[in-house]
Amino acid sequence: MDRSDPYDITRSIAGLNPWEKASRHNWALVPQMSDVPYIATVVPEKGNGPVAGRLMLFAGLPAFRDYVLSRQVRDYGVCMSPLDLAHFEAVGLKSGSVELFSYEPGFVPLPPTSEQRAFFAPILYECYGLLMRMEEKPDLPLAYIEKKAMFARKEVLPDRWIDGPLALPQEEVVQYKESVSLQRADCEKAKALPMYPKETWELDFVMIPAYHTPPPKPRFLYLLAAVNADTGEKMVWERMSVDGKENGLLRLWEGHAQRLLNAFIAAGRVPGELHVRSGRVMRFLRPLGMQLPFKIVQLSKQPALESVINLAVQTRKV
């Protein structure tokens with residue numbers, strides 16, 4: 001094994017086939033040259049897909065907390081899938097091949113840069129060594145559980161790592177904040193519009209994976225779309241992507257209520273009902289629902305909207 005090559009190390013990790021047996025535990029890696037620990041978790045992939053499993057590395061406990069909460073609470077934060085979480089990933093394929101990716105919210109995952117390969121090679125090697133030890137001691141990552149600490153491999157000198165506890169914060173972690181604002185003048189305009197009690201719009205915010213901006217750092221296309229449930233007429237059709245600044249995806253979500261308000265003003269009316277698919281969409285639109293008397297209903301199916309979006313994707317007219 002070439003310890004400087006993260007792909008070679010990942011091939012050795014995949015050769016252990018750790019995906020199922022190691023998925024019960026998490027552990028930390030604490031490099032000397034990092035301000036935060038990296039939290040490792042193993043995720044087996046079930047089904048007929050090409051992936052056998054993933055070793056995911058999150059920079060810091062808050063990032064790992066967001067990952068855990070996103071798996072436990074469907075509508076937590078703005079994470080619609082792991083694509084929307086910042087992390088590094090080593091992937092083992094059923095074919096025996098491996099892949100490495102760096103993830104940033106809103107950006108297409110890319111293979112690691114030369115700097116990232118140099119940084120993550122020793123971290124992956126320590127994961128490999130720990131997984132080897134877990135062959136004989138499967139519960140080794142629980143060594144410090146009585147201290148309410150996470151098992152960690154700590155770099156105390158260059159290329160010298162030791163076992164040790166990583167203390168977990170005892171105080172409540174400050175949650176991230178969501179801030180939805182509306183233009184007061186636009187609210188007043190909308191309040192003067194006629195209500196159409198029998199009109200329903202279906203609305204959703206989705207990623208269109210087949211579309212993205214050009215390299216070198218391609219960004220995913222997100223679509224905020226709403227259609228008249230009876231006629232299929234497009235009432236909202238706004239394409240967007242993150243701007244590369246901090247919390248870019250969160251700020252897209254925070255703008256949806258104003259975008260819908262603009263659509264009401266452009267249409268010259270307010271529908272009686274708005275059908276959404278997730279509690280997350282409902283949460284970000286609720287401030288507008290407190291200004292105008294339309295009803296927001298969460299439903300798993302949106303037949304009119306799904307038909308319009310599918311046709312747009314098929315005809316490449318998104």
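Helices (H or I, at least four residues) and strands (E, at least two) are DSSP runs, numbered from the N terminus. By this criterion the chain holds eight helices and 12 strands. The model is predicted: local features need pLDDT of at least 70, side-chain atom pairs count only at pLDDT 80 or more, and totals for chains, interfaces and linings use all residues. Residues are numbered from 1 along each chain as its sequence is written, and side-chain values use heavy atoms, with hydrogens and water left out.

The C-alpha trace spans about 70 × 45 × 30 Å along its principal axes. Of the 318 residues, 47% count as buried (under 20% relative accessible area; exposed is over 50%, partly exposed in between; 1.4 Å probe, protein chains only). The accessible surface of the chain comes to about 16600 Å², by the Shrake-Rupley method with a 1.4 Å probe. Carbon and sulfur atoms account for 53% of this surface. Contact means heavy atoms within 4.5 Å. Among contacts between residues at least 6 apart in sequence, 60% join residues at least 24 apart.

Seven strands form an open sheet in the order β5-β4-β3-β2-β1-β6-β7, and the pairing is mixed. Strands β5 (98-103) and β7 (160-167) are the edges, each pairing on one side only. The twist averages 25 degrees from one strand to the next. Two strands pair if DSSP finds at least two bridges between them. Strands of a sheet pair through backbone hydrogen bonds, either parallel or antiparallel. Strands β1 (residues 26-30) and β2 (residues 38-44) are antiparallel, with four bridges. Here A28 stands opposite I39 of β2.

Helix α1 (residues 6-15) lies across β3 (51-59), β4 (87-93) and β5. Its direction makes about 115 degrees with β5. Axes are lines fitted to C-alpha atoms, for helices over the stretch in contact, and angles run from 0 to 180 degrees between N-to-C directions.

Helix α2 (residues 61-72) includes S70. This residue counts as buried because its relative accessibility is 17%. Leaving aside residues up to four places away in sequence, S70 touches Y76, C79 and L85.
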